[in-house]
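I opened the file to work out how this chain is put together. My notes follow in the order in which I looked things up.

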Amino acid sequence: MADVQTTLVLIKPDGVQRSLAGEIITRLERRGLKLVGMKLIQIDEALANRHYEAHVGKPFFPGLVQFITSSPVVALAVQGKNSIEVVRQTMGATDPKSADSGTVRGDLGLDIGRNLVHGSDSPEAAAHELSLFFGSGEIIDWERSIDGWITE
Ligand code: DAT
Ligand code: MG
């Protein structure tokens, strides 16, 4: 299917520390998305700088790097029809205070600096970010018997 995309999701340090990793993964799975890569990693400063390079120079950048390197994250490669947009919709708006109920950030968060999840925002970002977190062979192309019940 032409519109199948693979995107990077990070369950940020607050999500892991609050034991919400399972809840967040469950929401993605229940949406119909497929996990094709998953690992727990400690992000170092070099990786944080590369992952957040679009935000270098912004006032919140130092705090963002400090936060994302403060404790392990769960990195997920998530596949499905329009998965980039669907993941971001499932996450909710960047600031939990204005995120819709029913989204991860709207249901589980309060503060923009502790917003639980990251999702790539474009096909170019997804390709770049997946390459930062997953080596070749760490993303697994597998068949799911229910796929025909999730997408036409
Ligand atoms: P998103 O994570 O929704 O893609 P983003 O890419 O604009 O949002 O920003 C990356 C992260 O940086 C975001 O998840 C939280 C933090 N951030 C963004 N804007 C911020 C702000 N004004 N104050 C503090 N942190 C901010
Ligand atoms: Mg972003």
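I began with contacts. Among those in the protein with a separation of 6 or more, 77% are between residues 24 or more positions apart. I note that this is a predicted model.

Next I went through the secondary structure. I found 7 helices and 4 strands. From the N terminus on, I read the order as β-α-α-β-α-α-β-α-α-β-α. I then checked the radius of gyration. The value is 15 Å, close to the 15 Å that the globule rule gives for 152 residues, so the protein is as compact as a globular protein of that length. For overall dimensions I took the C-alpha trace, which spans about 45 × 35 × 25 Å along its principal axes.

I looked up burial and surface together. Of the 152 residues, 46% count as buried. The accessible surface is about 8,300 Å². Carbon and sulfur atoms hold 52% of that surface.

Charges came next. I have 15 positive and 20 negative side chains in the protein. The centres of these two sets lie 4 Å apart.

Then I picked one helix to examine, H4, which covers residues 61–68. Which residues of H4 are buried? I listed Phe-61, Leu-64, Val-65, Phe-67 and Ile-68. They cover an arc of only 165° around the axis, so they sit on the same side of H4.

Last, I turned to backbone angles. Most residues other than glycine have a negative phi. I noted two residues that go the other way.

Ser-19 is not a glycine, yet its phi is positive, at about 60°. I located Ser-19 in the loop between H1 and helix H2 (21–31). Is Ser-19 buried or exposed? Its relative accessible area is 63%, so I put Ser-19 down as exposed.

Asn-82 also has a positive phi, near 55°, in a residue other than glycine. I placed Asn-82 in the loop between E3 and helix H5 (83–91).

Technical notes
Residues numbered from 1 in each chain as written. Chains lettered and ligands numbered in written order. Predicted model: local features only at pLDDT ≥ 70, side-chain atom pairs only at ≥ 80, totals over all residues. Heavy atoms only, no water. Helix = DSSP H or I, 4+ residues; strand = E, 2+ residues; numbered from the N terminus. Rg over C-alpha atoms; globule rule 2.2 N^0.38 Å. Buried < 20%, exposed > 50% of the residue type's maximum accessible area, 1.4 Å probe, protein only. Contact = heavy atoms within 4.5 Å. Areas by Shrake-Rupley, 256 points an atom, 1.4 Å probe, with all protein chains shown as cover. Lys, Arg positive; Asp, Glu negative; His and termini not counted. Charge placed at Lys NZ, Arg CZ, Asp CG, Glu CD. Arc of directions from axis to C-beta.
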